[in-house]
Amino acid sequence: MKSQQDTIYANVANKITDFQFDQRVAGVFNDMIRRSVPGYAQIINTIGDLANRFVTPKSNIYDLGSSLGSATLSIRRQIEGRECHIYAVDNSQSMIDRCTENLAAYVSDIQVNLLCADIREVEIQNASMVVLNFTLQFLPIQDRNSLIKRIYDGMLPGGILIISEKLFFEDNQIQQLLDEQHLDFKRANGYSELEISQKRSALENVMRPDSLNVHQQRITESGFSHFSIWFQCFNFASMVAIK
Ligand code: GEK
C-alpha cells in the first residue's frame, strides 16, 4: 500500500480545527496510525488469526470504521474458501476510495462489500466476527451502548467482537504515566512537540476514550458471555467479547 509520510501538523497552524478523516488524512493514514498507535501491526495480525479461529462458513464479518482496509485484508487472507461476506464500513468517502484500491491489489475468493455509511445505521446480521478497531472512541458517548447491543443482536452464538481503543484511566497518576509513555512512543517515531500538541488539540472534541470498566460493563450488559482484554501497550488496548 502506498502511503505518504504524515506531516499534517508539522507546521504552525493559525487555527486548529477538529480532526476529520478527509482526503489529506486518508493519503497518509497508514504512516499516521503506525507511528501513533502502539501495537497496531500486532493487533492487525492477531485480528486475522482470530478470524481463522472464529469465522464460520457462510457467515458475515463486519469491519466497522475500516479506514484503508488493513483489518479486512488481514481477515480475508485467513478465511479463503469459507464462502463468507465481509462488510467494510466507513463514513469517509476518501477512506473508502483508497480502501477500494488496496483491496483490488490482492486476489481473493472472499467478497468484500465496501459501504460508505455511518456504522450506527448499518444492519448487522449472521455475523461470526465484528471488528471495531479504534473506531468506537470516535462515536458520541451516548450512541455507544446501542451500537454494541445491535452488534450483539446481529451476531451468531459463539461469534467474536474485537474492540481496540485508546483507554482512559480513572487513577490520575496512571493516566499521566501511560499518556507520557505514549507521547514518548510518538517522539521516538519522529513526531515533533508541535505535531504532537497540534494533533492533540484537533482530536480533543472528536475522540473520547472510555475506561476499561466502562467497556466491560457495556459488553456485559449487552449480553456477551465472555470478555477480556487481550492486548495492552501503554494506554492502547484491544479487547475480545464472545457471544
Ligand atoms: C484500521 N479500523 O486501520 N461511521 C463510520 N465510520 C466512522 C464513524 C462512523 N460513525 N466514525 C468514525 N469512522 C481502522 C482504523 S480509524 C482510527 C480506524 C484512528 C471511521 C473514520 O472515518 C476512520 O476511518 C475510522 O472510523 C477510525 O484498523 O484513526 O485512530
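The structure is a predicted model, so local features need pLDDT of at least 70 and side-chain atom pairs count only at pLDDT 80 or more, while totals for chains, interfaces and linings use all residues. Residues are numbered from 1 along each chain as its sequence is written, and side-chain values use heavy atoms, with hydrogens and water left out.

To start with the big picture, the protein holds eight helices and seven strands; these are DSSP runs numbered from the N terminus, with helices being H or I of at least four residues and strands being E of at least two. Its radius of gyration is 18 Å, close to the 18 Å that the globule rule gives for 243 residues, so the protein is as compact as a globular protein of that length. (That radius is taken over C-alpha atoms, and the rule is 2.2 Å times the number of residues to the power 0.38.) Along the principal axes, the C-alpha atoms fill a box of roughly 50 × 40 × 30 Å.

What share of the 243 residues counts as buried? The figure is 51%, where buried means under 20% relative accessible area, exposed means over 50%, and partly exposed is in between (1.4 Å probe, protein chains only). Among contacts with a separation of 6 or more, 79% join residues 24 or more positions apart; a contact here means heavy atoms within 4.5 Å. The accessible surface comes to about 11600 Å², and carbon and sulfur atoms own 48% of that. Those areas come from the Shrake-Rupley method with a 1.4 Å probe, and for residues only the protein chains shown count as cover.

Next up is helix α4, residues 93-104. With 12 residues at 1.5 Å each, α4 should span 16 Å, and its end C-alpha atoms sit 17 Å apart, which agrees; the expected span is 1.5 Å times one less than the number of residues. Ser94, Met95, Ile96, Cys99, Asn102 and Leu103 are buried in α4. The cover over these buried residues includes α1 (23-36), α3 (70-78), β2 (85-90) and β3 (111-116).

Finally, two loop residues have a positive phi without being glycine. Lys58 has phi near 60° and lies in the loop between α2 (40-54) and β1 (60-64). Glu83, with phi of about 55°, lies in the loop between α3 and β2. Buried or exposed? Lys58 is exposed, at a relative accessible area of 53%, and Glu83 also counts as exposed, at 55%.
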